[in-house]
Amino acid sequence: MTDVLEPSPVEAANRSDRSLGGPSEAGPVTDAVDAVPGERRGARIVVSKLGKSYLHGGKALPILWDIDLSLEPGDMVAVVGASGVGKSTFLQLLGTLDLPTSGSIKFDGEELTTMSASRLAEFRNRRIGFVFQFHHLLPEFTALENVMMPALIQRISTERARRLARDILGRVGLAHRLTHRPGELSGGEQQRVALARAMVLEPSLLLADEPTGNLDRATGEAIHQLFLDLNRERGSTLLVVTHNPDLAALMPRRLRMIDGGRLIPEGSPPSPSGTHAAVTPDAPSSSGTHAAVAAPDLVPPPDAGAAQ
């Protein structure tokens, strides 16, 4: 019986690259300087009339419709709302993990919804970071190797990728855990590795979906503070979807999602049926400027209630 050899981090990165339809399909990354951390700040995101429907039983089942949202560079925003209202679906669309049925997403002026699959995969790896409720670390690799993975996919040298990963792991307090695999780490340590992996290339946009949902209160609060500290240091635009009021309260801008994706300032009463409440264009953001959500009058699709 022959031994099964585990892939090296480089081999794993190449496999991930191919499975995503990344640069190996589209050719080598020519704008390698864009992948070098420290040279970009947060992204400006403009979402216009974004919609998402799924086919069920031969009929379109609308989940989100006509969402408008603007995020300025460096904004820190929490989106709260009832379960099933579409928060995670919206985050997946914003992160290009799923494609919208209608509407536009502009990322620093570049339209994402018309990109090819290979270009989109490369763009996502280089410009967007993700942290989820479950860490999604690769169990066969160490903390250091997991954090190196995005850099290796970007064809950054192994030596530089290791240095970047070591630096960010030290920043989240895990310099003593570099060679430990996920199964040898606590839940809080696993989530800190996941945060380090998301931040290793200093993405322009950081998206987090219930990032502390599986953690105890004390550990969750420590992770919350790490999010804020790293975001302030590195300047990413940050959007967090959460049910956690403590995490939401830390964000300078808080929105509530209701009725098929309508976004209103947290604490505002729902608008009358058939209209969208808006985040007024004059409202300042965390960065001192702001743009905001202003959706038109809308009659929800007849099947919209089934999506809630």
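Modeller: Start just after H3, where Thr96 takes a positive phi of about 65°. This is a predicted model: local features need pLDDT of at least 70, side-chain atom pairs count only at pLDDT 80 or more, and totals for chains, interfaces and linings use all residues. Residues are numbered from 1 along each chain as its sequence is written, and side-chain values use heavy atoms, with hydrogens and water left out.

Now step back into the helix. Helices (H or I, at least four residues) and strands (E, at least two) are DSSP runs, numbered from the N terminus. H3 covers residues 87-94. Six of its eight residues are buried, so H3 is largely enclosed by the rest of the structure. Buried means under 20% relative accessible area, exposed over 50%, and partly exposed in between, with a 1.4 Å probe and protein chains only. The buried residues of H3 are Lys87, Thr89, Phe90, Leu91, Leu93 and Leu94.

Next, the sheet. Four strands form an open sheet in the order S2-S1-S4-S5, with antiparallel pairing. S2 (59-71) and S5 (110-111) stand at the edges, each with a single partner strand, so one side of each has no neighbour in the sheet. Two strands pair if DSSP finds at least two bridges between them. S1 (residues 45-56) and S2 are joined by nine bridges and run antiparallel. Within this pair, Lys52 stands opposite Leu64 in S2. H3 packs on this sheet and touches S1, S2 and S4 (102-107). Contact means heavy atoms within 4.5 Å. The direction of H3 makes about 120° with that of S1. For such angles, axes are lines fitted to C-alpha atoms, for helices over the stretch in contact, and the angles run from 0 to 180 degrees between N-to-C directions.

In the hairpin of S9 and S10, Asp259 takes a positive phi near 45°. Three residues lie between those strands. S9 and S10 (residues 262-265) run antiparallel and share four bridges. Met257 has Leu263 in S10 as its bridge partner. S9 (residues 253-258) also pairs with S3 (residues 76-80). These two run parallel, joined by four bridges. There, Ala78 has Arg254 in S9 as its bridge partner.

Gly235 also has a positive phi, near 80°, and follows helix H8. The buried residues of H8 include Ile223, Phe227 and Leu230.
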